[in-house]
Amino acid sequence: MDSAPSKRQKIDHSEPSSENVLQSTTTAGLSKHRIFVLEAEELLDEAALDYAATFPSADALLGDIKTTIESIEPHEPLPLVEAALRLEKKHRVQVPFPEPRPPKDCNYKAAFAKLTQFNVVGSYVSKTMVRTQKDHAIDMIFVVPAELLQEKDFLDLRYFYKRAYVLAVVAASLKKKYGADADLSFEHLNGNPLCPILSLRPKDKETQDLQNYRIRIIPCSPDGFFPKSKLHLGACLTRKADEKESAPPAKPTPFYNSTLVAEGCSLAYLKTIRQIEKKCASFKDACILGRIWLQQRGFGGAVSHGGFGHFEWALVLALLLKGGGDGRGDAVLSTSLKSTQLFKAVVQFLSVTNFAEKPYVLGKGDLEAPSDSGPVIYDADRQLNIAFKMSPWSAAALHQQAKWTRSLLNDGTVDQFSPTFILKTDFPLYSFDLVARLNHYGSFDQAAEVDSRGKVWQFGSKVYRILKRALQDKELGERARLIHIRTPESSPWPLDERPKKKKSAGVEIGILFNPENMARTVDRGPTAGPNAEEREECARFRGFWGGRAELRRFEGDTIRETVIWNSKSPVELCEEIMRYILNLHLRIGVMDEDMTFYGGAIQDLLPLEPTDSAVFNATKKAFADFEKDIRELEDLPLHVRRLAPICPELRHASVKLPPLGPNKSAPRPLDTVVSFEASGKWPESLAAIQRTKVAFLLMIGSLLEKSKEGKVRTLVGLEDAKCEIQNLAFLDVLYESGPSFRLRIHSDLEETLLERQVKDKTQEQHVRTRATALLATLRRFHTHLPFHSQTISTFVTRFPALSPTIRLLKQWFNGHKLSYHFTDDFVELVALNVFFSPYPWDAPSSANTGFFRALLFLSRWDWRSEPLVLDTSGDMSQVDRAAIETRMEAWRKIDPMMNHTVLFVATSHDTTGLAYTSSEGFVKPSKVVAARMTALAKSACQVVREEGVELEPRRLFVPTLKDYDIILHLNSKAAKGTQKTYPSNGSEGVDGERERHSKFKNLDERTGKELLPLAQHPAEVLLDHLSAAYSGPLVFFRGALEDMTIGAIWNPQVQKKKFRVNLPASYKPGAVASAQESDDDDEERAVDVDLNKEGILAEIARIGGDVIERIEVKGF
C-alpha cells in the first residue's frame, strides 16, 4: 500500500449519457467471434458421447472376436470357385465377390493363413464420435497375410476376390461362435462395391434385443505390398476376359487404383492421426466440429453421401498440420490453434480449393492426373487420392457449402453458430429449386463399369456430364449454379445370400438455379463462320443439341447456332431442357415413369407467370403517369413535394395482380399519399386541417377532370372516422384505361400538433391516448409505408425471386386465416429477411426455396426474446443493433405479458421496432396469434422434412377449421351484391324512399353505368366491427378478401368473472356464492357471472345480417 496516498479526486456522480452507456456496453460485451467460440465449446460438451453406455462390454467383445479369428485353421490353396462352393456347402456363407464375379474356369487360387495383425481404428479409438450421428460403429481391421497374395494380384480384381474369400472364412467362424448372440451381415465399406466387410451387431444378453452399436470387421492389404508406381491414377488395371496383357489400356481406372492404395494405408493413417493428436490438443475437438458440420449438410464417407466424411476431414486436417498443402511439404497450420480456428481453417481450405476441377497435392511432390480422374486431394507421401470416393457433383456441392459457411463466418452481424452446426440443410426442398427423379430400366455395357464403381454410379455420372454441359455452359451463360445427384445407398445382405441387384438405376437430381440466366428462352451458340474452327464448333454444338439447334440471324447481321425453348417460367424451362437433352442422349423420358419432376406444383396454388413482373411494372408506370398528372396541375395553391405509393400492388408484393383495365367487379384503387411544400397558411387546429384537406381533395379532383376531360373521373369518399381530428376523406381517381388510385393528403403541421397533444401533460389521459394512436397511424401511412415501398421495390429488382416469395408467403398467411392480424409490410419483411440472412445457404433463387426457407425462419424465430432486424440501407452499425436489442429488452421489462408489444421488427429506417407490428393504434398480432403463427410454421416444416420431395404443397395452405370454436360462413352472393355501388341521380319516390330498381337489366336505370370503388370490403367492415365490439371474449381469424369463412375462438380468461360494473362483454348470472354470515340484512352476496355466449352469437348474427349465411358453433 502506498504510504503517502495522493489527494482524493472528486467523483463525478452525474448520470452518463445513453450513447456512452451503449458504446461501453458494446465494447465490453462479447464479440460475435467470442460468442461463436463459447457456443462451440458448449456444443462439444453436449455432443460428447458416453462410450461406456453406448458400447457396453465392447472391449471384451473385441478381444473375444480377435481370439476367435486367430483360432481359425489355415488351409492349402484351392481353385477359387471350388473353395467358395465348399465354404457355402459347409457353413452356408456366400463369398461376397465384387462384380463381375470370377468365372467358373478361372485359374486363381484361394487359401487361408493364420491372421496375426489386428487393430481397432476410427472414431472409437480417437473418441471423436457424437451422440447425434446416425450410426455408432467400431472398426476392427485385420491384415490379409502376404503369403496369400501374389505380385500381380492388383490386376483384374484378383486381390479383391481373395480378400472376399478371406472375409467369408472369418464370417463363417464368427457365425458359428456368435450366430445366436449377434446379427451378422455383409455390407460394402462406405458403399464401395469392391470392398465388402462383415457387420456384427451384438444382442443384449438379458433381453436378446440388438444393441445400438455394431462392429465392422474390415480386411486390408499389407502396407507396401503392391508397387504404388503401378497404381497411379492414370493406370488401367482391369481388362476384359478376351483382352491380352500386352494390349494397350483403353481407359484409366482411378477409382479401382485408389481403392487398392487405400487398402494398404489403414495402419499408416492410424499412426499419422495418433501422432497429430499428441501434438495438437485441439485436433479431436476440431474433428468433432467437422463431423457435425458435414453431418448437418448430408455429407459422409459413403459414396452415396458424397464420399467425404469424418475420416477424410480428419485426414485433411492432419496433413495440413503435418505436411501442408503448398506442394513443398511445409505445414500450413499451427498445432497451437484452437478447435474453432482449425475448423474455420478447413472450411476455408474447402472453399478456396476446387479440387473437382484442379488436383490438389498435400505434402511434398507433384501429380499428373488424367482429366477424367474426378476430384483429387492427393497425399503425396502415400500416393493416395483421399477424395477417390467423391464424385464431381459431390465435390462441387462440398465446395459450395464451404463457400457459404465461410461467408457466414465472415458476417459479424448475424448468428453464426446455429446455421453452421444446428440447422440441417440436406432437405431438397430447402436446397434446390427443382428436383427430378430418374428411373432407368436399361442395362449398360460392361465396358461402362471398367472402374468398378457400379451401374448406378455410372448412370449418374453420364446424367451429370450431360446436364453440366446443358445447364452450366459458361459460353452460353450458366443456367444453374449447382447440379447435385443423389444415388441410393447400398444395403447390407445376409451371409447366405448374394447382394441383390437393382432392376432399375434410380437417382435424384437437384438443380440450384442461377436467377440471372435460368429464365432465358434463347441460347445463342457459336457463330456460323467460314473458317474450319468455327465450323467445328458449330458441328459440336449441333451434335450436342440435336434437332433443336438451328441457324438464326441476330443484330449486326451475325448468324449463330441457336436453341429456342417454348417454356417461359424458370421451373418449366429447366424441366423442358432436361427432358429433351436426356431423351436425346440417354433415351430417358420416353415413358412418363422414367422421369418425375418436383417443384412446379406449388405454382399451381398461386399462378406465378413470367409476365407478372411486366404487369407490376405497367402498374408502376401508370402510377408515374398519375404522379405526372398531379404535378402538372397549375392552379394548386401549394406545390407537390412528394407523391408516394403505399400499397403492395405498387411494390410487386400483392397476392393478386393489380387490375390494369376495366373489371366486372368494383375497381380496387391503389393507395397513395401526397404531401405539399411547407406553408404557414395551414390552420392551427387539427379539426380545421381535416376540413382543409377535404377542400384540397375536391380542388384536385376538379382540376384533374378539367385537365384530363373524358379520361378521368374523380370521387371524394369519406373515411370511417371516429372523431373529427382523424383523416375524414380520400380522393378516388378513376382512369378510363388503367388502374385507379386513392389519394390521401399529409400535412406536416398535423403531425406537429399531435406531438404537442401527446407531450402536453395538462391534457386528459384519454385525449393523450387518442393522440398517441393517431400519431402512430399518421407516421405509419405517411412516413414508414412510403419508405417501405421504396425499399421493397429496390430489392425486388436485386432479387428476382423476392416478389414471388412474398406473394406465396402472403398466400400462406391467407390460407391459415392469419392475414387479418398481420400487416402486409411485416410479411414482406419476413420474406426479405430470407434474402438478407440466407445462411446456411445463399439467397434463394426461386419462389419455392424462398417460401420454404421463410417458413423455416418463422418456425425457429424466438420472437419473445429476439428482434427481427433488417439492415435495409446497408450501413447499420453494431451500436445500432445493440440499441435495438436494448430497446426490446426494455419493452419486455415494461410489458412482460406482451399486451402492448409482441413482435419487435426494426429496419434501418425505423429502429423503434413497432412501426411494422401495429396498425391504427392496435398491436398486430397479439401474443395468441403470434404463437399460432409459430405453431403452424413448425407443423409445415415438419411435413416438409417428413415427406420431402413427395410433399403435396397444397397441404401447407389448407386451414384447420377444427381449431375454431365458432365459424361464420359468409353469404358470397350478398357480399358481392354489397360491393356493387352505382352512381345515383338522387331521385326519390313519392314516399320519400329511393326508387327501386327493376330486376330486369334492360329496364334498369343502372344499366351501362360503371361501378364505384368501395371504401372497404364489406367482409372487412364486418370483421372490424366484430373485433371492436367483442375483442375481449373472442379472437377472430380471416384470410384474404375472397375468404368466405371467419374463424373465432373464445378467450378462456373472460369465461367466468365476479360481477362488477363495466364488464368487458355480455354476461349472465351464474352460481351464487354466499358471503360471510352476518346479521346485517343489507349484506351483499358475491355473484359469479358467466359469459353470455348465446347472446353474443345472436348479436353477431344481427350485426352481420344477410352477409352471414350461417354460424357453426362448437363446444356448447
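Trainee: How many bridges join strand 8 to strand 9, and do the two run parallel or antiparallel?

Mentor: Keep in mind that this is a predicted model. Strand 8 and strand 9 (residues 377-379) are joined by three bridges, and they run parallel. As a reminder, strands of a sheet pair through backbone hydrogen bonds, either parallel or antiparallel.

Most residues other than glycine have a negative phi, and most peptide bonds are trans. Glu99 to Pro100 is a cis peptide bond, with omega near -5°; Pro100 sits in the loop between helix 5 (80-91) and strand 2 (109-112). Tyr839 and Pro840 are also joined by a cis bond, omega about 15°, and Pro840 is in the loop between helix 25 (824-836) and helix 26 (847-860).

As for phi, Ser57 has a positive value near 60° without being a glycine. You'll find Ser57 in the loop between helix 3 (51-54) and helix 4 (58-70), and it is exposed, at 58% relative accessible area. Met898 isn't a glycine either, yet its phi is positive, about 55°. Met898 lies in the loop between helix 27 (878-894) and strand 24 (905-907), but this residue is buried, with a relative accessible area of 9%.

Technical notes: Residues numbered from 1 in each chain as written. Predicted model: local features only at pLDDT ≥ 70, side-chain atom pairs only at ≥ 80, totals over all residues. Heavy atoms only, no water. Pairing = 2+ DSSP bridges. Helix = DSSP H or I, 4+ residues; strand = E, 2+ residues; numbered from the N terminus. Buried < 20%, exposed > 50% of the residue type's maximum accessible area, 1.4 Å probe, protein only.
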